[in-house]
Amino acid sequence: MSIDKETARRVAHLARIRVEEDQLEALAGEFNAILKFVEQLNEVDVEGVEPMTAVMPMRLKRRKDEVTDGGYPEKILANAPDAREGFFAVPKVVE
Amino acid sequence: MGDLSKLTIAEAREGLRKGEFTAVELAESCLGEIEGAGALNAFVQNTPEIALDQAKAADARLKAEGSDAPAMCGIPLGIKDLFCTRHVPSQAASFILDGFRPEYESTVTRNLWDAGAVMLGKLNMDEFAMGSSNETSHYGPAVNPWRQKGSEKPLTPGGSSGGSAAAVAADLCLGATGTDTGGSIRQPAAFTGIVGLKPTYGRCSRWGIVAFASSLDQAGPMVKSVRDAAIMLGAMAGHDPKDSTSMDIPVPDFEAALAGDIKGKRIGIPKEYRMEGMPGEIEKLWEEGAAMLREAGAEIVDISLPHTKYALPAYYVIAPAEASSNLARYDGVRYGHRAKLAEGEGITEMYEKTRAEGFGHEVQRRVMIGTYVLSAGFYDAYYRRAQRVRTLIRRDFDTAFEAGIDAILTPATPSSAFALGEMDDADPIRMYLNDVFTVTVNLAGLPGISVPAGLDEKGLPLGLQLIGRPWEEGELLKTAQVIEDAAGFVSKPEKWW
């Protein structure tokens with residue numbers, strides 16, 4: 001599988017990272033080098049092998065479904081680049 | 001008092017209890033060293049006011065509780081910038097978290113402060129812990145206090161916990177926190193001649209540590225001796241209801257586990273770690289390490305970990321995949337940097353410009369690789385396959401342990417520290433190969449420790465790695481202690497900064 005310029009453009013958009021037009025070619029080249037390296041995995045016989053989901057087997061703990069935290073909107077907003085009237089502010093989303 | 005910062009944690013603990021010096025004097029000694037060590041670029045935030053307040057409190061506690069005070073009481077530490085520390089800039093060495101001051105404290109640092117430890121400041125690292133040389137840091141690289149004989153060329157302290165390693169090796173602090181996703185504690189520890197321990201996955205809470213690859217990340221101590229690793233891990237570890245992957249088991253007395261011998265222990269030497277082109281000095285050190293353990297009564301056994309070769313390729317699918325998901329939160333809305341928008345630009349441009357400006361090149365590359373391997377049509381071919389290979393890598397270790405192997409001895413790194421800038425033109429895979437001996441341990445969730453064991457002919461430190469059974473850090477530390485005692489590594493970098 002080889003990544004071309006168009007695929008690089010699509011991946012950059014999916015990742016929400018702006019990449020300038022003149023850099024897409026180089027980026028595709030870097031992707032291909034890394035993917036070529038990881039494609040060694042195709043040599044491994046994984047027939048019947050379960051994918052790992054937890055590296056240390058443990059049961060997830062459960063707790064009562066109740067509010068244990070919160071009630072401090074000013075702390076939540078303290079680091080926002082733009083916060084107004086108790087909300088995060090962003091550019092207009094709805095046309 | 002100028003030499004207090006050179007003490008080990010164990011020595012300082014004793015001196016504080018005997019009243020030879022106070023926690024305030026100890027902290028002041030470190031703060032003075034930090035001030036004079038700007039050339040190392042190890043600390044990226046200094047917190048002298050917090051340090052002195054905590055040190056005063058530690059002195060009061062030592063006075064009140066005497067020898068009942070916790071072992072870490074009054075011990076000055078550096079904290080990797082990946083740990084969120086309340087009201088202190090915590091940026092994971094990234095511009096995208098510019099100005100971020102958390103309203104909360106990570107569990108590991110909270111545990112350390114509760115035990116009376118003292119925060120000197122925040123330490124440099126690779127951006128979001130993605131790197132092996134500290135060169136991806138927004139703050140510029142930390143510099144290794146070690147230099148090659150007869151050279152002034154600046155060397156990397158390794159990465160990602162490069163600032164932590166440089167600070168401990170240069171005696172700017174008594175110990176430092178690190179995190180390890182593929183080798184980020186053990187490789188820099190080896191490059192700087194200190195001890196670095198990655199605990200079993202789940203031993204330390206990940207809550208409040210900026211996430212890179214959640215199934216691999218684990219915090220651990222970076223210190224001057226094996227005993228110090230035991231002491232500091234004891235204070236960092238423990239179950240945390242806020243991290244569902246932290247194990248709810250008691251934290252043993254790791255320091256007590258150092259007593260006793262390793263007679264009859266079976267130490268595995270994995271043949272797959274004998275890489276082609278391995279420098280003769282590394283090979284020799286490895287053999288010497290085996291001889292030290294044999295002399296202490298251990299049995300050295302050749303073993304096979306057949307899927308070793310596939311660990312790095314699996315890692316470079318799994319880690320970027322998890323990173324692309326974890327780093328989705330940096331969108332310019334809740335914290336950190338937000339790009340300025342031109343007339344007519346909307347929310348998509350805000351995301352894309354913010355992330356292009358905020359993330360460095362290596363982070364962007366890994367986020368995009370992760371996005372690609374998780375995207376529709378490729379998930380099974382890359383991600384699912386890598387997770388199946390990961391199962392096989394874990395099974396290799398299980399098989400060895402079931403056959404009675406107690407610990408596994410390997411080199412920590414394929415070379416000693418290299419020069420800053422040396423890898424600039426290399427393709428990324430060459431940098432990734434730094435983690436070839438360490439990354440298997442993260443994929444299998446096991447504890448691993450790097451112990452300094454000698455100098456190469458350039459006069460630079462080399463480390464040996466020991467890998468232990470899950471949850472048996474105590475036994476691992478005991479074995480590491482044998483290497484430390486037998487190797488007698490006491491070299492220190494000559495002060496040039």
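**Where the chains meet**

Guide: In this predicted model, 73 residues of chain B are in contact with 52 residues of chain A, contact meaning heavy atoms within 4.5 Å. Local features need pLDDT of at least 70, side-chain atom pairs count only at pLDDT 80 or more, and totals for chains, interfaces and linings use all residues; side-chain values use heavy atoms, with hydrogens and water left out. Residues are numbered from 1 along each chain as its sequence is written, and chains are lettered from A in the order in which they are written.

Visitor: How much area do chain B and chain A bury between them?
Guide: About 5,300 Å², with 70% of it on carbon and sulfur atoms. Buried area here is the accessible area (1.4 Å probe) that two parts lose on being put together, summed over both.

Visitor: What makes A:Arg18 and B:Glu345 a salt bridge?
Guide: The rule asks for a side-chain nitrogen of Lys or Arg within 4 Å of a carboxyl oxygen of Asp or Glu. For A:Arg18 and B:Glu345 the closest N and O atoms are 3.6 Å apart, so the pair qualifies. Across the interface of chain B and chain A, the rule finds four salt bridges.

Visitor: How many residue pairs are in polar contact between chain B and chain A?
Guide: The count is 21, both residues being at pLDDT 80 or more. A polar contact is a pair of N or O atoms within 3.5 Å; within protein, one must be able to donate a hydrogen and the other to accept it, and residues adjacent in sequence count only if both atoms are side-chain atoms.

Visitor: Which helix of chain B gives the most to the side that touches chain A?
Guide: That's α12(B), with 13 residues. Helices (H or I, at least four residues) and strands (E, at least two) are DSSP runs, numbered from the N terminus. By class, this side of chain B has 36 nonpolar, 19 polar and 18 charged residues. Ala, Val, Leu, Ile, Met, Phe, Trp, Tyr, Cys and Pro count as nonpolar, Asp, Glu, Lys and Arg as charged, and the others, Gly among them, as polar.

**Helices that cross**

Visitor: Why is α1(A) called roughly perpendicular to α2(A)?
Guide: The axes of α1 (residues 5-14) and α2 (residues 24-38) of chain A come within 8 Å and cross at roughly 90°. Axes are lines fitted to C-alpha atoms, for helices over the stretch in contact, and angles run from 0 to 180 degrees between N-to-C directions. Angles under 35 degrees count as roughly parallel, over 145 as roughly antiparallel, 65 to 115 as roughly perpendicular and the rest as oblique, so α1(A) is roughly perpendicular to α2(A). Five nonpolar, no polar and three charged residues make up their contact.

Visitor: What makes α8(B) and α15(B) roughly perpendicular?
Guide: Their axes come within 9 Å and cross at roughly 105°, so α8(B) gets that label against α15(B). B:Gly289, B:Met292 and B:Leu293 are the residues of α8(B) that meet α15(B).

Visitor: And why does α1(B) count as roughly perpendicular to α7(B)?
Guide: They pack at about 70°, axes 8 Å apart, so the label roughly perpendicular applies to α1(B) and α7(B).
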